[in-house]
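Look over the sequence and model first.

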Amino acid sequence: MSTTKSAATHPFVAHLRQVAALEQDRWVTADEACAKAQHQLDEARRRLTEAESDLAQAEQQRLITSERVSAVAEMITSAEGFLNGPAAEPSDAQDPSDAQDPSSHQDPHSADPNRGGHTRPPESQTLKELVLAAFTGTEALSPSEVAPLVRVHRPKTTDKAVRATLTTLRREGALVLVERGFYRLPRQEKHM
């Protein structure tokens with residue numbers, strides 16, 4: 001029995017017990033650090049989920065607002081087209097001296113099939129027709145390039161109305177968006 005008691009009190013065993021106690025303390029500290037890190041990770045995931053939800057709601061609201069803005073722009077374009085018609089403004093009325101020869105008052109490009117194929121004088125064309133008439137061939141134009149061409153025939157047309165009309169024509173398939181802010185006529189497929 002003295003052997004058992006002496007082995008338990010041996011200095012080497014006592015040292016090993018101290019090492020074991022130190023390692024146990026280190027394990028407890030590491031375990032607490034893991035628990036704390038896991039809690040922080042769970043909290044970060046919760047905040048990320050909330051942020052993703054907020055982002056989804058904001059994107060949905062932006063989409064709804066964008067559709068409303070487009071609808072209002074189309075209504076403005078329609079109202080301007082109605083109000084800027086030949087009967088709405090006396091300045092658009094034809095000069096009696098020009099009434100004898102209507103072909104002399106017509107834009108030479110308005111009958112060009114590549115420019116929309118319209119045969120009416122530019123003063124009586126709708127905003128859509130005037131915007132389409134600005135395009136020839138396959139060149140791409142920006143709204144700032146189209147607006148002055150439209151203003152030749154409708155001086156009071158705003159840049160915003162031109163942009164809205166370009167958007168409407170793109171949605172209807174009459175124009176193609178080449179890159180951000182540049183439009184062109186769609187390519188015609190050649191049949192053999």
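The count comes to 6 salt bridges, each being a side-chain nitrogen of Lys or Arg within 4 Å of a carboxyl oxygen of Asp or Glu. This is a predicted model: local features need pLDDT of at least 70, side-chain atom pairs count only at pLDDT 80 or more, and totals for chains, interfaces and linings use all residues. Residues are numbered from 1 along each chain as its sequence is written, and side-chain values use heavy atoms, with hydrogens and water left out.

**Salt bridges**
- Glu43 pairs with Arg46, with the closest N and O atoms 2.2 Å apart.
- Both lie in helix H2, 3 residues apart; helices are DSSP runs (H or I, at least four residues) and strands likewise (E, at least two), numbered from the N terminus.
- Arg46 also meets Glu50 in a salt bridge (2.4 Å, N to O).
- Shared partners join Glu43, Arg46, Arg47 and Glu50 into one network.
- Asp159 bridges to Arg151, the closest N and O atoms being 2.1 Å apart.

- Arg184 lies in strand S2 (residues 182–184).
- Arg184 is buried yet has no salt bridge; buried means under 20% relative accessible area, exposed over 50%, partly exposed in between (1.4 Å probe, protein chains only).
- The nearest side chain of opposite charge, Glu139, is 9.2 Å away, where Lys and Arg count as positive and Asp and Glu as negative, with His and the chain ends not counted.
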